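Here's a quick tour of a two-chain model, written for someone who likes to know the cut-offs. Have a look at the sequence and coordinates first.

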Amino acid sequence: MTRRMVFDSSGFKVSKPGYDVLTAGPANLQFSSDFGQLAHFQTGELDCNWNESPFRTYSFAKTFPSPPIVHLQQVNASNDVWEAGAAGHLYWEFRQTYTDLGGTTYYPLHVVNAYVTASAIMIQSLYTDSPAIHPPLYRLRYTVMDYNL
Amino acid sequence: MQIVASGVIYGPSNFTDYDFTVPDLGFSPIVLLGGSHACAYSFPNATTLRIRVLNNAYGAGGNNITWAVTNQRILH
């Protein structure tokens, strides 16, 4: 049987079925202690329904050597539907339709712009052309991954 | 999922390609990116990761990009 596992002074490795762990390259290893690991660091949700040009800063519990891997996801809090997700940088915008009693129709625009630095998530939330209604409650769900690169 | 190669693009420029040598995994792996830029990535050959920096969300330079190649293939 092919040698599938090695645990010695070089570390711990497991190869794919049919590959000798002592000669297998990175493509044929299922696990290697030489590879880096991702670890969950922080998760949370932030409301994004304000109207300000400056970015708001939400600091991590520590400063990373470089921007961490962060998964960002947009959540419509009114119906709990999860929408677009992205890593590191998320931008979304949507328009509503509103017709006032005088028959004038407005198309208020809401823009949320989020990005990640080594120490924080930065969020900008803007809505425009919205004289009578406020945007729906949107949230940003984030998951920060710690790592050893 | 593990990270087989990783690095940082220091002071990235918009609309610029950055190439990195990575292990040949025999498939297109999931690549994780961190930072304020919108980015795209491709593998022009088996051992080259190409990251195209598309734009900086904040409009300010100097915010580095972290990249990590995983050993997880994209499952269909």
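## Ground rules

This is a predicted model, so to speak of local features a pLDDT of at least 70 is needed, side-chain atom pairs count only at pLDDT 80 or more, and totals for chains, interfaces and linings use all residues. Residues are numbered from 1 along each chain as its sequence is written, while chains are lettered from A and ligands numbered from 1 in the order in which they are written.

## Chain A: strands and a sheet

Chain A has 0 helices and 13 strands. Here helices (H or I, at least four residues) and strands (E, at least two) are DSSP runs, numbered from the N terminus. Buried residues make up 23% of its 149 residues. Buried stands for 20 or more other C-beta atoms within 10 Å of a residue's own, exposed for 12 or fewer, and partly exposed for anything in between, with C-beta atoms placed from the backbone. Of the contacts in chain A with a separation of 6 or more, 54% are between residues 24 or more positions apart; a contact is two C-beta atoms, placed from the backbone, within 7 Å.

One open sheet has 3 strands in the order S1-S2-S3 (chain A), with antiparallel pairing. Pairing takes at least two DSSP bridges between two strands. S1 (5-8) and S3 (29-32) of chain A are at the edges with a single partner strand each, so one side of each has no neighbour in the sheet. S2 (residues 11-15) of chain A is joined to S3(A) by 3 bridges, running antiparallel, and Val14(A) sits opposite Phe31(A) in S3(A).

## Where the chains meet

Contact between the chains involves 25 residues of chain B and 24 residues of chain A. On the chain B side, S1, S3, S4 (37-45) and S6 each supply at least two residues, and S1(B) has the largest share with 5 residues. By class, that side has 13 nonpolar, 11 polar and 1 charged residues. Ala, Val, Leu, Ile, Met, Phe, Trp, Tyr, Cys and Pro count as nonpolar, Asp, Glu, Lys and Arg as charged, and the others, Gly among them, as polar.

Gly36(A) stands opposite Ile3(B) in S1(B).

## The core

The largest nonpolar core has 35 residues, and those touching the most other members are Val70(A), Ala114(A), Ile121(A), Ile123(A), Val31(B), Ala68(B) and Val69(B). Such a core is a set of buried Ala, Val, Leu, Ile, Met, Phe, Trp, Tyr and Cys residues joined through C-beta atoms within 7 Å. Strands from chain A and chain B each supply at least two residues, including S6 (69-76) of chain A and S3 (29-34) of chain B. S13(A) gives the most, with 5 residues.

## Two loop residues in chain B

Phe15(B) is in the loop between S1 and S2 (16-21) of chain B. Its phi is positive, about 55°, although it is not a glycine. Most residues other than glycine have a negative phi. Phe15(B) is exposed, with 8 other C-beta atoms within 10 Å.

Pro23(B) lies in the loop between S2 and S3 of chain B and is partly exposed, with 17 C-beta neighbours inside 10 Å. Leaving aside neighbours within four places in sequence, Pro23(B) is in contact with Gly25(A), Pro26(A), Ala27(A), Val4(B) and Ala5(B).
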